[in-house]
Amino acid sequence: MRRKINWGKGVGIGGLILYGIFILFPIYWTFNTSFKEIGDVYKVPPSFVPTRFILDAYRFIFQGTGRIALLNSLVVAAISTAIAVVLGTMASYAYSRYPFTPLTNEGAQFNLLTVRMFPPIAFLLPIFWMWKRFGLLDTYFALIITYTAFNLPLAVWLLKGFMDALPRSIEEASYVDGYSFWQTIRRIVLPLIGSGLAATVALCWIFIWNEFIIAYLLGGRNVILYTAYLPSLRRGMRIMWNQIAALSVLAIIPSIIILVLFRKYLVKIYLRS
Amino acid sequence: MAKVYLENLTKIFEGRVLAVDRLTLEIPDKGLVSLLGPSGCGKTTTMRMIAGLEVPTRGKIYFDDQEVTDLPPEERNVAMVFQFPVIYPGMTVFENIAFPLVARKVPKKEVKKRVEEVANVFGIADVLSKKAHILDAGTRQKVVLARTFVRRPHVYLLDEPLTSVDPSTRVELRTVLKKLQSHLGQTMVYVTHDQSEALTLADRIAVMNEGKLLQYGSPEEVYNNPKNTFVGYFIGNPGMNFIGCSVEEEKGSCVLNAEDFRVFVPDLPNSFLRDFVGKKIILGIRPENLEIHAKAVSGAISFLVILVEPVGNRLVVHLKKGEKVLKAKIPRQEMSLQQEVWVRFPLEFLKFFDGETLETIEV
C-alpha cells in the first residue's frame, strides 16, 4: 500500500509546479533585468542569472522622477483607500441596517453596482472635462476623488455583506449593556467586520495601485503616478528595460506587503462571492 | 431597583401593524412579572420598549417617578436577555460577562470578583477563559444570563431566556433564576409563551393577546379566575374546557343546556344567571376539576373516552358526548378507549363567560 504511487496527486503537484513557473518567471525576469546594464538587456542569448548586481537602474529611479512618482502613487492610493473604506463602512452600515429609505433601498443599492458595470473609460472623458473646467486637472485632489468614486461602491458592496452577516441583536445587547451607538460601532461592529475591512483595504489599494488610464489622463505632469511614468522610461528609440524593471520591482513591494498581510481575509472574501 | 410603570403604551410598526395596544401596567419594585401570551401578542415588543430598543408610538414609560420614554437604552440601566443567546464573538467568556461592567468603568479587581461570583452561580467558572462563541447553546445562554446578573440594574428584562436551551438545562436554570430573584430582590420582567414557566416563576402574570393586556394578577388569580375565555384557555395544561350553553329556567332552578347534555346549577345564587335566561353563555371548567366516575352517580353525565394521553403520573382523557369534547386531567388509572364514564361538574369550579363578549360573568 505504501509503495503505491498516487498518480492523481503527482499530476496535480506537477501541474501546480508548472503553473508556478508560468506565474513566477516574469516576476523573476523583471527582477533579473533590473540588475542589468541597458546593453546587456538586449544581448542574445540573455543571461538567465544576474552575474553582476548593477544598481544603475535603481539609482536612476531613486534620483529622478521615479521616486516622486512612487511617492505620489503611495500618497494617492493611501488617502483614497482610506476615504473609500471610512465612507464605505458608514454607508454600508446604513445600507445594511436601514434598507427602506429612498437612499438605501434596493434600487439605490443596484445603482451602486452600475458604476462598476461600465468600463472606467466610459466615464473618463466627461470626468476629464469636468476637472479641466474646474482647473483641477493634474492635482492630488482630482486623482484622489476620482479613485475614491470608483472604489467607494466596491467598498460599500463588500462591507455590506459583512454588515449583513452581523446580527442586529449583538448591537442591541451592547446598547443595553451600557454602550452608546459610537462605542458599539467601535467595540463591537468594527472588530467583528475586521476581516472585511482588511479585504476591502487590500482590494481598493490594488485597484488604484495597478490603475493606468485614470493616472495617465488626469495626472501626468505635476502629479505623476508611477504607472503613468513607466511608459516614459526610454531614451530616443531605446526602451530602458532595466529602469522599467527596477521601477516595477519597487512597485511590487507594497502590493506584496498588503497581500501577505491580508491574504487570509482576501481568501475569505473571494470564497464569499 | 425600580418600579416600572407603563402608561397607555402603544406601538404601531410602519404605520400599519399594531403590535401593542394601549398597554397600562405597573410592575412593582422587586417584583417578578411575567408577560405571557402566544407568539406575536406584543410581549417582546413591550419588553423592547422598556429596554429602549423600540420607541413607543404613543404612551409613556416610567422607572419609579422618572420618565424614561425618550432615553436611549444605554442610559436606562436595564439588563436584558434576548431570546437567542447574544454573545460577543471573539471575546472570551470572562470578557463577555465583564462587558457591561467595563462600560461602567468598574475597577478591574471588582470586575474580576463579580464575574467569578456570577460564573459560580451559573456553573460556568471553568470555561471563563474560553472563547464564548465556540460553546454550545446551553452554556452560551448561561454566559448571557451571567452577563445580565453581573450587575444590578433598575430592572432585569428576560425575553424567553430558556427557550433555546435543552429541557434539562431549562429546569436547572429556572431554579437558578427563581433563587436569584428572591435572593437579589430585584425587579424582573420575564417574557414567555410557556404558561407553566410563568406560573412557577412569577409573582404576577400579565396575560397578553393581540397587543392587549387581558389580565394582570397573581398566578393563582389568573389560574382560578380567568377574566375571559382566552386567559382560561391559555393558562393551564391543557387549557380550560369551554361549553357553549343556553340558560334555561326549570322548576325554579337554572339549567345550562348544552344540547348534548344539560348541567343543573341549583345552589348557585340564581340572581346572576337569571339575567342570562334565554341567552348564550359559555361554561368553563378546568380539566383537573372534572370528576370522573367509572359507574353512574347522581348528577353525572355519561361520556365516551376517545383518547387517553399519559402526562407523568396523570392522564389527560378526551371525552365525547354528541358534538361536545371535553378534556379531563385525572390521576393515572386504567382507562380504555370507548369506555363509558360518568362526568360530574363540581359547582364550585364552574366559571361562566358571556357568550358574546367572552368576558367572565362575575358570580
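Colleague: What distance separates the centres of domain 1 and domain 2 of chain B in this predicted model?
Modeller: Chain B is divided into domain 1 (4-234) and domain 2 (241-354), with bounds from an automatic or database domain assignment. Local features need pLDDT of at least 70 and side-chain atom pairs pLDDT 80 or more, while totals for chains, interfaces and linings use all residues. Residues are numbered from 1 along each chain as its sequence is written, and chains are lettered from A and ligands numbered from 1 in written order. Taken over C-alpha atoms, the separation of the two centres is 39 Å.

Colleague: How many residues of domain 2 of chain B are in contact with domain 1 of chain B?
Modeller: Residues are in contact if their C-beta atoms, placed from the backbone, lie within 7 Å. Domain 1 of chain B contributes four residues. Their partners in domain 2 of chain B number five.

Colleague: Which element gives the largest share of the side of chain A that touches chain B?
Modeller: The contact takes 13 residues from chain A and 17 residues from chain B. Helices H8 (168-176) and H9 (181-192) of chain A each give two or more residues to the chain A side; helices are DSSP runs of H or I with at least four residues, and strands are E runs of at least two, numbered from the N terminus. The largest share, six residues, comes from H8(A).

Colleague: Which residue in the turn between S4(B) and S5(B) has a positive phi?
Modeller: Strands S4 (residues 58-63) and S5 (residues 66-67) of chain B run antiparallel, joined by two bridges; pairing requires at least two DSSP bridges. They form a hairpin with two residues between them. The turn residue with a positive phi of about 50° is B:Asp64.

Conventions:
Two residues are in contact if their C-beta atoms, placed from the backbone, lie within 7 Å.
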